[in-house]
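Here's a quick, friendly tour for anyone meeting this structure for the first time. Have a look at it, then read on.

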Amino acid sequence: MTRRQLILIALLLLAACVLPFAVSDYRVFQFNLVLVYAIALLGLNMLTGYNGQISLGHGAFYAIGAYCAAILMDKYGVPYWATLPVAAIVCLVVGFLFGLPALRLEGLYLALATFALGVSLPHLLKYHHLEKWTGGVQGIVITKPEPPFGLPINADQWLYYFTLAVAVLMFVLAWNMLRGRIGRAMMAIRDQHIAAEAMGINTAMVKSLAFGVSAMYTGVAGRWAPSPSSSSPRTASTSSCPSCS
């Protein structure tokens with residue numbers, strides 16, 4: 001990156017850090033959602049834009065990430081920040097395992113398979129045998145985490161800064177991966193998978209890994225489901241899945 005680009009990025013990060021003190025709590029909540037959806041879209045872009053696979057059911061991974069965080073916090077008292085790696089690993093494994101059989105499908109058929117995942121998961125989460133974990137149609141209600149170490153900020157601002165830090169980290173990781181060996185393999189498969197396979201690229205493994213990493217990013221984004229008021233609880237429910245609306 002050039003010096004001018006680095007300076008521009010530094011200025012943008014500085015403006016993002018000052019922003020919560022210049023707007024109302026509701027605006028902070030909205031900007032928080034912008035960062036959340038940016039993480040989710042980054043994961044989807046890695047799958048569709050860089051690897052050429054179509055997914056209409058990524059809302060399912062968003063919901064899985066939300067429920068992983070909510071269950072850990074509600075049932076086991078796990079700290080808010082500690083749910084991040086768990087949600088990431090669970091969605092990575094689920095996405096990778098789903099990507100293995102989906103490799104036999106392409107184009108419209110792959111899109112329909114992912115769409116079926118997005119449609120079926122909300123009904124599975126409301127299944128009565130899972131109600132003690134998922135809360136059924138009521139979902140899981142948890143309170144917003146308070147700022148640690150006695151920081152002089154409210155809960156909305158703390159969530160914003162935490163989300164901003166994670167978003168920057170996820171963008172840096174994606175930047176490095178897409179410009180490395182795996183990223184070049186993903187783009188080669190997107191452009192011409194037969195030629196990529198002839199060059200020795202394990203297309204099945206790369207496509208499954210792309211699906212898993214994309215699901216991981218979406219699951220990390222899904223663990224945020226903030227409510228507009230700092231005094232309001234957070235709820236993980238089937239409404240956390242965009243495909244359910």
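## Lys75 and its partner

Let's start with Lys75, which is partly exposed, at a relative accessible area of 40%. In this predicted model, the side chain of Lys75 joins that of Asp74 in a salt bridge, with 3.8 Å from N to O. That N to O distance of 3.8 Å counts because the cut-off is 4 Å.

And how exposed is Asp74? Asp74 has a relative accessible area of 38%, so it is partly exposed too.

## Another salt bridge

How many salt bridges turn up by this rule? The count is 2. Besides the Asp74 and Lys75 pair, there's one between the side chains of Arg190 and Asp191, at 3.0 Å from N to O.

Take a look at how open these two residues are. Arg190 comes out as partly exposed, with a relative accessible area of 34%. Asp191 reaches 54%, so it is classed as exposed, since the line for that is drawn at over 50%.

## Thr203, tucked away

Now hop over to helix α10, which covers residues 203-222 and includes Thr203. Is Thr203 buried or exposed? Thr203 is buried, because its relative accessible area is 15% and buried means under 20%.

Which residues does Thr203 touch, once neighbours within four places in sequence are set aside? Its contacts are Ile189, His193 and Glu197. As for His193, it sits 10 residues from Thr203 along the chain, and their C-alpha atoms are 7.2 Å apart.

Methods. Residues numbered from 1 in each chain as written. Predicted model: local features only at pLDDT ≥ 70, side-chain atom pairs only at ≥ 80, totals over all residues. Heavy atoms only, no water. Helix = DSSP H or I, 4+ residues; strand = E, 2+ residues; numbered from the N terminus. Buried < 20%, exposed > 50% of the residue type's maximum accessible area, 1.4 Å probe, protein only. Contact = heavy atoms within 4.5 Å.
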